[in-house]
Amino acid sequence: MSTKLRRFHQARWDEPIIYELSTEGERGLLVSQVEEEIEKAVGDGLSEIPESMRRERPPNLPELSQAQVLRHYLRLSQETLGADLNVDIGQGTCTMKYSPKINEQLATSPKVAELHPLQDEGTVQGILEILYKMDLFLREISGLDQFSFQPGGGAQALLAIASIIRAYHRDRGEAHRDEIITTVFSHPSDAAAAAVAGFKVITLYPDEDGYPDIEALKEAVSERTAGLMITNPEDTGIFNPRIAEFTRIVHEAGGLCSYDQANANGILGITRAKEAGFDLCFFNLHKTFSSPHGCGGPSTGALGVTKELAKYLPVPLVEFDGGKYRLNYDRPHSIGKVRSFYGVVPVVLRSYAWVMSLGAEGLREVAEIAVLNNNYLLKKVLEIPGASAPYAPGKHRVEQVRYSFEGLAEETGVGTEDVQRRMFDFGVHYWTSHHPWVVPEPFTLEPTESYSKAELDEYIAILRQVVKEAYTDPEKVKNAPYNSVVHKIDHAALDDPSQWAVTWRAYLKKVKGR
Amino acid sequence: MAHPYIPNSAPRVKAEMLREIGVRDVEELYADIPESLRFRGKMNLPEPLSSEYELRRHVEGILAKNKTCQEYLNFLGGGCWQHYVPAVCDEINRRAEFLTAYGGEPYEDHGRFQALFEYASMMGELVDMDVVNVPTYDWAQAASTSLRMATRITGRKQVLLARTVGPDRLSVIRNYCRPDIEVVLIDYHLETGQMNLDDLKDKLSAQTAAVYFENPSYLGFIEPQGEEIAALAHEEGALCVVGVDPTSLGVLAPPSAYGADIICGELQPLGIHMQYGGGLAGFIATRDEERFVAEYPSRLFGIAPTVVEGEYGFGDVFFERTSFAQRERGKEFVGTATALWGITAGVYLALLGPDGMRELGQGILQRSQYARRRLSEIRGLRAPVFRGAHFKEFVVDFTAAGRTVAEVNRALLDRGIFGGKDLSAEFPELGECALYCVTEVHTKADIDRLAEALEDCVR
């Protein structure tokens, strides 16, 4: 049965910038009025402020009535392709799975939304219970011993991890250990966060089979090795079977091993950080654990460690004495804080609800179907002319694959970025890869467990159509998109200091000469 | 039975896909994972709540144990504040299109880019600066990054911070500055809370990259010496970095007016629920100079032309500076943070407009001044502790009443009130003091109720 291609056109409202919609005197919201008695008692409130500290001119904010603000933003929302609306398997590494609506309702209830973080512990026993139990769940899933939900995303979790590694060596009198080893197919933040924490970064490249080069690792370790920060499976979707050897080599050199499990979707209940010898790990709750991505956060990088390292976790941690949950700040070895308060609590709540809806068997089913979907997709993509999956020929992959359109580019002149823009004409995402492009003309697909076979077939049909066009009418692909929100963008101005404009006022000054 | 979240767990589909791949069992797809690494046990997790109804009952049952700031009268602030959240803010950030989008390109996610560009444009007006980032995790991270930016811009490795900086933020800053940046605290005057300029002069040197203070401060007072502080910093070739609460900027001068080079702060008060501290989001703003723009780790969205005349496109400004482009050679790191709250803060600013922001700030000032007056009338209480102007928070001293803050707060709790944050551990030199927060959500009756309860508690 052939899959029908949609005659798609995304909403194109040609929506003005909000400043162009402004009309003097309009208001979107009235602020609650101060009672007369207060005004009588204290006056206008402003006279107390020293003159030099008063605002002279009102801020130049737009003026719109309420429905006009709503309509503007609803139009912008329609010009945004959320996972709820598309077969969102094109944003590989991002784990664009279904975020259940029930969890949204629970997370936005006043019982979560209207809590102040400094309330008396006796009044927040419910939310502390959620945090405590989610920690217990992640201990089971990872095999590690304790978790903190403070990091507000994967990169911040990595900064916390690098901070713990630093503190650990300092306490052992080995502050000279200043090198972190990572791989080029691990997320850029593994390298970047380690560098912020003061480490020199050594990056391993893949060997011929696509595995991180174990010989290169052996050469890299020394008395300066502080740790290994690595993903597995990497962005290629290839599982490194010698990972326990990697952690052993680093341990023998005196370093710690951190497992970047931002995306653990293909291995829940299958293999764990503990058995592979890791000392630290983190899970992105907005990826594997279903909390929605929110255009790029709010998010949580749930950070786990072994018993030995637990004393370094950020303060406070939630404890339970059998009767009452409490926040423990009395942790003298802690690295301190990486984010204010306790993290993005509603994200933890959504993940808690997600795990509760699946249980141990269900989590494993998530992983198995994500892997099934990925290998099905792999087979279908490899049938498309010009597409390939570098490394590990004939092998199965875990949850995603980094593909290449090198063949297509050579034969037609159409590169992966051209394909990307044309894909938007059919209402789907398509992501290439982080830099550097070790895989030429890359694209990365990750189908997760959330999409039906029919939806996977639809995505493949779109990819086939675009490739067919590349061979028959390459200019059409190169000049795409046509049915997306806007047409092909000229990016030159964005890298030119005399032209770039990050705000409307800068745009008016620099581009419009006002 | 197929799980509702996993379509291809339906047995017939699963079998068909396995056949298509050419394997008999999913197990074969994991052949590359050595047996020694396979987890063969059973994770000790609760039995799943298979129906949505059971799940709702279960989670709501746990959450019912919470008492919220709608049920209790709340005067806590200190880094997360109770403000009114307009219905349209919730309506927009709960839209499935925004809620479930992520890292698409400025074509199919054009709306996301435009909404964040507009957010930056409006924040830029509020702080009177030309560049604002896509938001980071929170104020603490924004301050930390602002300080690291300052060290790169100046090529120096020491930062001076007002001792009145919020301790929670200070802890984040300290960790983020390790190991290469020295953090030094500047004393404050006990009577006013304001920065001790003599101490600042002593500590400023050719090593200083930045002087950082907050306005309004963590302890609620307004620091009126901004101009002097900025001038002293600039004389030594250092930058002036100021942290700010945006709800104050309808009435207070933006820090750029008194010499700030980098402004940072918290977006949560702009239409975002407190969420037990989960609603935080940080912003950073600077002038549009290449030496500043080049040091942002965050994404910056800019307008760009398309092939169609008059059509707005968007894209990443100076992407090569980021860790996405350069890994460890990029500026710090960038990743998923709080974009949805940036969009929300934009909606909030658009709803209130210039007049709304002024009325908001003025109303907060009036209520907070009224509360101070009412509390200062209570025997044994001193409010505010610091002489001078305040915004929405102020310090109350219970020492003369012979009560600890902990005792007072327990008594208030019995009366359904969350009293101010206990400062006795964070600022022991102040004695038995608490930080009270009053915003536009408080009515005269609420404030009177607090005053009466306090009178009762310390009697």
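Colleague: Does A:Q125 count as buried or exposed?

Modeller: Buried means under 20% relative accessible area, exposed over 50%, and partly exposed in between, using a 1.4 Å probe and protein chains only. The areas come from the Shrake-Rupley method, with only the protein chains shown counting as cover for residues. A:Q125 has 12% relative accessibility, so A:Q125 counts as buried.

Colleague: Before we go on, what kind of model is this?

Modeller: Residues are numbered from 1 along each chain as its sequence is written, while chains are lettered from A and ligands numbered from 1 in the order in which they are written. Side-chain values use heavy atoms, leaving out hydrogens and water, local features need pLDDT of at least 70, side-chain atom pairs count only at pLDDT 80 or more, totals for chains, interfaces and linings use all residues, and the whole thing is a predicted model.

Colleague: OK, back to A:Q125: which residue's backbone oxygen lies 2.9 Å from a polar atom of its side chain?

Modeller: A:Q125 is in helix α5 of chain A, residues 125-142. Helices (H or I, at least four residues) and strands (E, at least two) are DSSP runs, numbered from the N terminus. At 2.9 Å from a polar atom of the A:Q125 side chain, the backbone oxygen belongs to A:E121.

Colleague: How many helices and strands are there in chain B?

Modeller: Chain B has 459 residues, and 69% of them count as buried. The C-alpha trace of chain B spans about 80 × 55 × 50 Å along its principal axes. The tally for chain B is 14 helices and 14 strands.

Colleague: Now charges. How many salt bridges are there over all chains?

Modeller: Side chains of opposite charge can pair when their charged atoms come close. A salt bridge here is a side-chain nitrogen of Lys or Arg within 4 Å of a carboxyl oxygen of Asp or Glu. Over all chains, that rule gives a count of 68.

Colleague: Which residue meets A:E252 in a salt bridge?

Modeller: Look in helix α9 of chain A, residues 243-252, where the two partners sit four residues apart, about one turn of the helix. The side chains meet at 3.3 Å, N to O, and the partner is A:R248.

Colleague: And why does the salt bridge of A:K337 and B:D168 count as joining two chains?

Modeller: The side chains of A:K337 and B:D168 meet at 2.8 Å, N to O. A:K337 lies in the loop between β9 and α10 of chain A, and B:D168 is in helix α7 (residues 167-177) of chain B, so the pair joins two chains.

Colleague: Is A:K337 buried or exposed, then?

Modeller: A:K337 carries a charge, as Lys counts as positive by the rule used here, with Arg, while Asp and Glu count as negative, and His and the chain ends are not counted. Its relative accessible area is 4%, so A:K337 is buried.

Colleague: What is the N to O distance between B:E426 and B:K421?

Modeller: B:E426 is partly exposed at 27%, while B:K421 counts as buried at 15%. Their side chains meet in a salt bridge with an N to O distance of 2.4 Å.

Colleague: Which residues form the negative surface patch?

Modeller: Patches are made of residues with over 30% relative accessible area and no salt bridge, with like charges joined within 9 Å and nonpolar side chains (Val, Leu, Ile, Met, Phe, Trp, Tyr) within 5 Å. The place of a charge is taken as NZ of Lys, CZ of Arg, CG of Asp or CD of Glu. A:E37 is in helix α1 (residues 36-42) of chain A, and is partly exposed at 45%. The patch is formed by A:E36, A:E37, A:E39 and A:D44.

Colleague: Which residue is joined to A:P316 by a cis peptide bond?

Modeller: Most peptide bonds are trans. A:P316 is in the loop between β7 (301-305) and β8 (317-320) of chain A. With omega near -10°, the cis bond to A:P316 comes from A:V315.

Colleague: What is phi of A:S290?

Modeller: Most residues other than glycine have a negative phi. A:S290 sits in the loop between β6 (280-284) and β7 of chain A, and is buried at 2%. Although A:S290 is not a glycine, its phi is positive, about 75°.

How values were computed: Accessible areas come from the Shrake-Rupley method with a 1.4 Å probe; for residues, only the protein chains shown count as cover. A polar contact is a pair of N or O atoms within 3.5 Å; within protein, one must be able to donate a hydrogen and the other to accept it, and residues adjacent in sequence count only if both atoms are side-chain atoms.
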